[in-house]
Amino acid sequence: MTEGGGPAVPLLDLQAQYRPLRSELLAAVARVCDSGQFILGPEVEELERELATALDVEHAIAVSSGTDAILAVLMALGIGPGDEVITSTYSFFATAGCITRVGATPVFADIAAETCNIDPASVRRALTPRTRALMPVHLYGLCADMDPLMEIAATAGIPIIEDACQAIGARYKGRQAGSIGTAGCFSFFPSKNLGAFGDGGLVTTNDAGLAREVRLLRNHGAEPKYHHRRIGGNFRLDALQAAVLRVKLPHLPAWTEGRRRNALQYDTLFRSAGLSEVVRLPVEPANHYHVYNQYVVHLPERDRVRQALSAKGIGTEVYYPVPFHLQECFASLGHAPGDFPQAERAAAAGLALPIYAELTAAQQATVVSALQETLSPR
Ligand SMILES: *Cc1c(COP(=O)(O)O)cnc(C)c1O
């Protein structure tokens, strides 16, 4: 613990990002309060234009959360009962939860050990005549291996929905995450790389028809007002969140570079501490641009190590301790331990370390030497 009583190195320090932008952010909030327009409206429309440019897509539709972005896309594509959607067994819950919420069946695929992203070979084995979509996740900020996935989807004649909630600004062969498949889904949850002051999300697509449908569903399917062709939901974004995001968006490239610089620094520190054999570090394959929403290492005795770091005031997290196929709510799908061994291994060994842009070199050194003390033979 530091003198102030806070942790020596927190997992995430949102105050460090907020402080230099405070007056600009509060002015943006005041602007919305003075306008009296609190839901959708000009702030949201401006944000959509700015994000469409930044993410290199024709259509960007701001919604209430990343979860609702996924839900709205599945609804817009007409996916429902009797349909199967293939996704990674190893992600944040929303990915699989939304598939079930529209009445479809999630069909899980294992991950590739190196990247923790969906394994195309496992996707091929999961295909059936009922497969209606493929939803890869760009986990931790690294794009899934899109070329083989696009080929599988094209052959099967199904759309790809990119769960890019952790990957805003990530690139695959020069292309922006969320611009490669039929649609992309983003989250502005505060701990994501572009975080609002509450919930928010985004759908991206180059398909004008799909964009129109998502916009319709965002507001209960009403067009014009009180006339409903389809049943949607309240997936609208607040103007306050849009105003906050518009202040932050221009800083995103620099924040991402900060995360990448810290990842590189960890690599150096782990190597010089002689830990690169014991601790498996995240990789950035050729032609990828990793945005490190999380920096996840894999190591032995993960839970003991996590406790020891916590005792030294170092914040860490486990993303994610239980893969989807072993979750209680999916028991009816009939899976058992051993079905997706790579995901199960990652769930047992993965540990997220602090990686936020404002993290200092001294803090990183503290993290690595604490790990060295904890892992060295006693
Ligand atoms: C955060 C996240 C979501 C959900 O986003 P919310 O804005 O929290 O609803 C979905 N998928 C992944 C992979 C995420 O990390």
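The model is predicted, so local features need pLDDT of at least 70 and side-chain atom pairs count only at pLDDT 80 or more, while totals for chains, interfaces and linings use all residues. Residues are numbered from 1 along each chain as its sequence is written, and side-chain values use heavy atoms, with hydrogens and water left out.

**The chain**
- The chain has 13 helices and 12 strands, which are DSSP runs of H or I with at least four residues and of E with at least two, numbered from the N terminus.
- The C-alpha atoms of the chain fill a box of roughly 70 × 55 × 35 Å, taken along the principal axes.

**The shell around the ligand**
- The ligand is surrounded by 15 residues, each with a heavy atom within 4 Å of the ligand, and the closest are Gly-66, Thr-67, Gln-166, Ser-187 and Lys-192.
- Both α4 (66-76) and α5 (94-101) supply at least two residues of this shell, and the largest share, three residues, comes from α4.

**Polar contacts and cover**
- Among the polar contacts, which are pairs of N or O atoms within 3.5 Å, a backbone N or O atom of Gly-66 lies 2.8 Å from an oxygen atom of the ligand.
- A polar side-chain atom of Asp-163 lies 2.8 Å from a nitrogen atom of the ligand, whereas a polar side-chain atom of Lys-192 lies 3.0 Å from an oxygen atom of the ligand.
- The protein covers 94% of the 380 Å² of accessible area that the ligand has on its own, as computed by the Shrake-Rupley method with a 1.4 Å probe.

Definitions and conventions: A polar contact is a pair of N or O atoms within 3.5 Å; within protein, one must be able to donate a hydrogen and the other to accept it, and residues adjacent in sequence count only if both atoms are side-chain atoms.
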